[in-house]
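Have the structure open as you read.

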Amino acid sequence: MKTLPHLSVALGAVLTASLVSSCGADTEPAAQNSATHAVTTQFGTVEVPDRIESVVVIDGRRDLDIALAFDLPIVGIPVETEAPPEIPGPLTEPTRMLLADGVPELYPRNTVDLEAIARVDPDLIIGRDEVIEEIYDQLSRIAPVLPVGSTGTGVSWQQDVTTIGAALNLQDEARTIVDDYTTRVDELTLRHADAIANTTVLTISTSEQGGISIGRDRVTSIALEDVGARFGSAWTAATPEIEYGPENVTAASDAAAMIAAITSEEDLQAMNANPLWTGLPAVRTDRIVRTDKFTNDGGPLTALWTLDLVDELYARS
């Protein structure tokens, strides 16, 4: 993972999903090609095919991550328009491979086009609960819908993996996915025991006007918690999130090392123009590992990617 000696950190708020349905959408149920079984979710009971041959993911973050982790046959994804191209993330290469295989991008992320989903005629739809809630009934007329959560709704990716695994009769695969993460956490905890015990760390993201944001519920933060990290004082003030303006970035001054999610090259340049930022110990000593805001939330692939960031962080400590 790329590291930078001078980083800008100012977190932008996650965009609220805009749910757009086409008036002429074909919302007839997809043809079922197998027997089904009943699955109860927070939105009701659905009949899920025993054999899944086509899946659409609605949001393109945790739902896509989990579908990829289970190696489900994805036939439709949203268009991701926000990712900084200079920083490949955990879903970058898998998404590239899907597109190379001809999987269509159905609509821009943060919109939902029901007609586009109906055209690919999926057996199953997986989507973030906050996004699908208002259009659950319309989606259900196309195919059975399984919701997943997010850090914002307080649902861990492990819970979602277990739930989706049970819904698809893939319990063994779900246990393996969760266990792989736990095993990796144990390895890092042992390998970096001294650095973990003796290094004060923070995870930060870029926010507007050149400040920094700290969130305790983000995947990067949870990964550091899982290895037993010692956090800087700004961590205590985050309940669960806190933002500091550019004049207050010194709130991170007691962190010897940081994982920093940078939203854009412009933010990076702005932060590096702030002497309060460049004067921080972690910045001065080049003990910052850079990622992007798309590691703030996600599923098992994002979590494992984040553990690589943690590994690099403590290797530099």
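## Aromatic pairs

There are 3 aromatic pairs in this structure. A pair here means rings of Phe, Tyr or Trp (its six-membered ring) with centres within 6.5 Å; planes under 30 degrees apart make it stacked, over 60 edge-to-face, and the rest tilted. Phe 43 and Tyr 136 make a tilted one, with 5.1 Å from centre to centre and 35° between the planes. This pair links distant parts of the chain, 93 residues apart: Phe 43 sits in the loop between β1 (36–41) and β2 (44–49), while Tyr 136 belongs to helix α5 (residues 136–140). For helices and strands, read DSSP runs numbered from the N terminus (H or I with at least four residues for helices, E with at least two for strands).

How exposed are these two rings? Phe 43 counts as partly exposed because its relative accessibility is 22%, and Tyr 136 counts as buried because its value is 10%. The cut-offs are under 20% relative accessible area for buried, over 50% for exposed, and partly exposed in between (1.4 Å probe, protein chains only). Next come Phe 231 and Trp 235, a stacked pair with 3.7 Å between centres and 5° between planes. Both of these residues are buried.

## About the model

A quick word on ground rules: this is a predicted model, in which local features need pLDDT of at least 70 and side-chain atom pairs count only at pLDDT 80 or more, whereas totals for chains, interfaces and linings use all residues. Residues are numbered from 1 along each chain as its sequence is written, and side-chain values use heavy atoms, leaving out hydrogens and water.

## Salt bridges

How many salt bridges does the structure hold? The count is 16, where a salt bridge is a side-chain nitrogen of Lys or Arg within 4 Å of a carboxyl oxygen of Asp or Glu. One of them joins Arg 62 to Asp 160, with the closest N and O atoms 2.8 Å apart. Arg 62 lies in helix α1 (residues 62–69) and Asp 160 in helix α6 (residues 157–167), so the pair ties together parts that are 98 residues apart in sequence. Arg 62 is buried at 4% relative accessibility, and Asp 160 is buried too, at 5%.

Arg 51 and Glu 53 also pair up, their closest N and O atoms being 2.7 Å apart. Arg 51 is partly exposed at 42% relative accessibility, and Glu 53 is partly exposed at 42% as well. Then there's Glu 93 with Arg 96, where the closest N and O atoms are 2.6 Å apart. Both lie in helix α2 (residues 92–100), 3 residues apart, or about one turn of the helix. Glu 93 is partly exposed, at 40% relative accessible area, and so is Arg 96, at 47%. Elsewhere, salt bridges with shared partners join Arg 184, Glu 187, Arg 191, Asp 308 and Asp 311 into one network.

Most residues other than glycine have a negative phi, and most peptide bonds are trans. Against that background, Thr 239 and Pro 240 are joined by a cis peptide bond, with omega about 0°. Pro 240 is in the loop between α10 (233–237) and β11 (241–244).

Two positive phi values are worth a look too. Asn 110, in the loop between β5 (105–108) and α3 (114–120), has phi near 80°. Asn 110 counts as buried, at 13% relative accessibility. Asp 286 has phi near 55° and sits in the loop between α13 (281–284) and β13 (288–291). At 26% relative accessibility, Asp 286 counts as partly exposed.
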